[in-house]
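Subject: Structure for your review

Dear colleague,

Please find below the structure I promised to hand over. My notes on what was found in it follow directly after.

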Amino acid sequence: MSTVRSCRLAHFTRAAWYRKSTARDQSGLALRIRDIAHARPRFGYQRITVMLRREGWQVNRKRVRRLYRLQGLQLRMRIRRRKHMCLHRGAVPLATRTHERWSMDFVHDALFDGRAFRMLTVVDQYSRQSPLIEPAFAHSGRSVSAVLDAAVDRLGLPVSITVDHGTEFMSKALEEWAWRRGVTLDFIRPGKPNENAHIESFNGRLRDECLNVNQFVSLDDARQKIEAWRRDYNEARPHSSLRNLTPCEFAQYGQQQRSEEGGLSQPLNCLKTGPSSSCQKIPLTTVYRKGKLTISLSIGNFLMAALMEVSMGKFLFS
């Protein structure tokens with residue numbers, strides 16, 4: 001359908017369709033608003049406006065409110081009695097290295113005799129590795145803390161853990177553990193499981209490839225079979241979002257990429273995927289150009305930008 005006919009059907013002028021935006025770049029202001037909101041967690045956009053004007057920003061209240069809401073910094077007016085020591089506010093930055101940001105959730109299943117049990121699942125947002133899956137008949141905040149202690153001693157501390165508003169994750173025991181360890185608990189918004197998409201996807205694979213094809217006669221039997229599947233998932237199963245690499249291979253490549261300044265014996269765009277000395281070239285970034293702007297995007301972000309541009313009919317690839 002032509003642009004003329006589309007605009008006529010939508011009662012939209014062609015001049016407005018072709019008009020170029022002349023709005024000024026607000027990224028610096030948005031970043032400063034976020035910094036103030038994180039430094040003063042109980043300040044709303046009105047007080048943040050006052051703080052900005054004191055610093056010399058010539059902004060009005062409506063612009064601050066728009067940027068404030070776009071970043072998801074709104075305050076909850078219903079204040080709970082409990083104080084949160086390790087609560088993150090606003091959108092969570094993307095993970096840039098292995099074991100920087102984890103996601104955590106629970107999965108339910110039943111034994112052969114009908115007794116229900118729950119599995120604590122944890123996945124690394126960068127490499128998609130699963131540090132642990134812990135089945136038990138019952139979990140509490142203290143048991144979750146103990147399991148995380150064992151994982152942290154083995155792998156190191158993450159910066160943050162994304163969780164929902166489950167009873168165990170809202171418990172004082174887990175919050176005390178996060179405060180003591182210096183880990184931020186990132187709670188998603190209620191009714192928004194897509195904000196914890198990494199663990200939701202992992203739980204789907206766990207149920208489809210392990211829970212639905214195995215019968216568990218006891219809790220020990222469940223632990224053995226689930227642990228075997230977890231190791232296979234990390235070390236042998238190709239992951240489509242990682243260019244069909246396994247999570248362990250992708251984590252190994254990320255470690256090599258961060259060691260560039262220290263010197264490497266092989267190129268950074270090569271990864272040994274087998275016992276042979278040959279390496280497979282795996283580009284993990286793609287250059288995306290739009291006008292005079294050139295951006296180096298990760299594979300996932302590049303595909304998202306590409307799909308958006310295809311929908312507008314203005315896709316450029318280089």
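I begin with helix 7, where R180 and E176 both lie, four residues apart, which is about one turn of the helix. These two residues form a salt bridge, with 3.4 Å between the closest N and O atoms. R180 is partly exposed, at a relative accessible area of 46%, and E176 is likewise partly exposed, at 36%. Please bear in mind throughout that this is a predicted model.

Salt bridges

The structure holds 14 salt bridges in total. Besides the pair within helix 7, two others deserve a description.

R181 forms a salt bridge with D153, and their closest N and O atoms are 3.3 Å apart. R181 lies in helix 7 (residues 172–181) and D153 in helix 6 (residues 141–155), so this pair ties together parts that are 28 residues apart in sequence. On the R181 side the relative accessibility is 23%, which counts as partly exposed. D153, by contrast, is exposed, with a relative accessible area of 60%.

The side chains of E134 and R223 also meet in a salt bridge, at 3.9 Å from N to O. Because E134 belongs to strand 3 (residues 132–136) and R223 to helix 9 (residues 219–235), the contact ties together parts that are 89 residues apart in sequence. Both residues are partly exposed: E134 has a relative accessible area of 27%, and R223 has one of 31%. The pair is also part of a network of salt bridges that links E134, D220 and R223.

The strands

Strand 1 (residues 101–110) is mostly covered, with eight of its ten residues buried. Strand 1 pairs with strand 2 (residues 116–124) in the antiparallel sense, over nine bridges. Within this pairing, V107 stands opposite M119 of strand 2, and D105 stands opposite T121 of strand 2. The hairpin of strand 1 and strand 2 has five residues between the strands, and in this hairpin G114 takes a positive phi near 95 degrees.

Strand 2 is also well covered: eight of its nine residues are buried, so strand 2 is largely enclosed by the rest of the structure. Strand 2 is joined to strand 3 by five bridges, and these two strands run antiparallel. Here L120 stands opposite E134 of strand 3.

The bridge partner of W102 in strand 4 is I161. I161 also leads on to strand 5 (residues 184–187), where L185 is found: L185 and I161 are 24 residues apart in sequence, yet 5.2 Å apart in space from C-alpha to C-alpha. L185 has a relative accessibility of 2% and counts as buried.

Surface patches

One is a patch of positive charge, in which R53, R61, K62, R65 and R69 gather. Helix 5 (residues 61–70) supplies the largest share of this patch, four residues. K62, which lies in helix 5, is exposed, with a relative accessible area of 63%.

The other patch is nonpolar and consists of F12, W17 and Y18, which together have about 360 Å² of accessible area. F12 lies in the loop between helix 1 (3–9) and helix 2 (14–18). At 40% relative accessibility, F12 counts as partly exposed.

In summary

For a first look at the structure, I would point to three places. These are the network of E134, D220 and R223, the antiparallel pairing of strand 1 with strand 2, and the positive patch that includes K62.

With kind regards

Methods. Residues are numbered from 1 along each chain as its sequence is written. This is a predicted model: local features need pLDDT of at least 70, side-chain atom pairs count only at pLDDT 80 or more; totals for chains, interfaces and linings use all residues. Side-chain values use heavy atoms; hydrogens and water are left out. A salt bridge is a side-chain nitrogen of Lys or Arg within 4 Å of a carboxyl oxygen of Asp or Glu. Buried means under 20% relative accessible area, exposed over 50%, partly exposed in between (1.4 Å probe, protein chains only). Patches are made of residues with over 30% relative accessible area and no salt bridge: like charges are joined within 9 Å, nonpolar side chains (Val, Leu, Ile, Met, Phe, Trp, Tyr) within 5 Å. Accessible areas come from the Shrake-Rupley method with a 1.4 Å probe; for residues, only the protein chains shown count as cover. Two strands pair if DSSP finds at least two bridges between them. Lys and Arg count as positive and Asp and Glu as negative; His and the chain ends are not counted. The place of a charge is taken as NZ of Lys, CZ of Arg, CG of Asp or CD of Glu.
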